[in-house]
Amino acid sequence: MMRALWRENMFNHGRWEGPIIDQHMHLDRNNRYLDAVSEFINSGGTGINLVHKPNFSNLPSTISDYQSAYDDTIEMAREIREKFGIKVSVILGPHPVSWEKQIHTIGLQESTSLHLKAVKLAINYISTGEAVCLGEVGRPHYPVSLEIWTAANNLLLEIMKLAAEAKISIQLHVEDDGEKTYSDLAKLCDMASLPRHLAIRHYAPANIDSEFTHGLSVTVSVGKDSISKIVESLPNCNSYWGMETDFLDDKNRPGAVLGPKTIPKRTNQLIEKLSESGYSEDKIYEIVENIHSNWPKILYS
């Protein structure tokens, strides 16, 4: 009886009306901001992970600069909650591209020092409950010199050790080199004593097979054709996974990377594809509830 009532509340005329979370979204006061949130909600969205948006044209030069940026992200989250009444979880951390760019202006040692200070500041915000996850941290997603690549991996290992000590999750910004990327990250997690499920690869490909992901959690960039690939690899997935847009809220790049409507749309496409693939109603509800409710509570607590 309770199960049937739950279904009735969550599923209406073929559309999911339960929780729908975009697990990685950036917002900018100078761009769409609240309008983008409104579009997400009007499409069926109920919660977002608001991720600190780096300003690559004006990189932070002091820890005070990072504190101001983090505080603004936290304030945006508060404003969104008050205006729309939705769940907004904040993710804070220094972007690895900022670190790499600053190597060429202030040097490797100084850039690394500032980066680690910014990581520790973000962890402080998490410890007070103002943020829920460290990110996006990681390593450059483009070719760099061997010296910088080695330094990036040493830095990421140190960041993972700090996360392990604090018992928090991290969202990872990394290159796309197939299974090798996951294998490398899994080894770093093990070296840092960070449980693999607390390392969440953001902007992940749609292959969620646990042999491919090496047990890391993933937030899939759910672009065109992603749902078919997710469903194809789902039977071999024993890890946590979710959906994201990585919406950049950049007026010079409208809709980049994916638009605010995407996650509600892909959630209903997933339900349709699972039904076509022979999944029972109970199993479909379990999968969608895990993606948008149960697993985020584990990863971002």
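The stops below cover cysteines and then salt bridges in this predicted model.

**Cysteines.** Select Cys133 and Cys189. Cys133 is buried, at 0% relative accessible area, and Cys189 is buried too, also at 0%. How far is the sulfur of Cys133 from the closest cysteine sulfur? The distance to the sulfur of Cys189 is 12 Å, which is too far for a bond, because a disulfide needs the two sulfur atoms within 2.5 Å. Cys189 is in no disulfide, and the count for the structure is 0 disulfides.

**Across the chain.** The structure holds 13 salt bridges. Select Arg29 and Glu79, which form one of them, with the closest N and O atoms 2.9 Å apart. Arg29 sits in the loop between β3 and α2, while Glu79 belongs to helix α3, 50 residues apart. Arg29 is partly exposed at 33%, and Glu79 is partly exposed at 24%.

Next select Arg139 and Asp184, whose side chains meet in a salt bridge at 3.6 Å, N to O. This pair also links distant parts of the chain: Arg139 is in the loop between β6 and α6, and Asp184 is in helix α7. Is Arg139 buried or exposed? Arg139 is buried, with a relative accessible area of 1%.

**Last stop.** Select Arg196 and Asp190. Their side chains form a salt bridge at 2.6 Å, N to O. Arg196 is partly exposed at 30%, and Asp190 is partly exposed at 44%.

Conventions: Residues are numbered from 1 along each chain as its sequence is written. This is a predicted model: local features need pLDDT of at least 70, side-chain atom pairs count only at pLDDT 80 or more; totals for chains, interfaces and linings use all residues. Side-chain values use heavy atoms; hydrogens and water are left out. Buried means under 20% relative accessible area, exposed over 50%, partly exposed in between (1.4 Å probe, protein chains only). A salt bridge is a side-chain nitrogen of Lys or Arg within 4 Å of a carboxyl oxygen of Asp or Glu. Helices (H or I, at least four residues) and strands (E, at least two) are DSSP runs, numbered from the N terminus.
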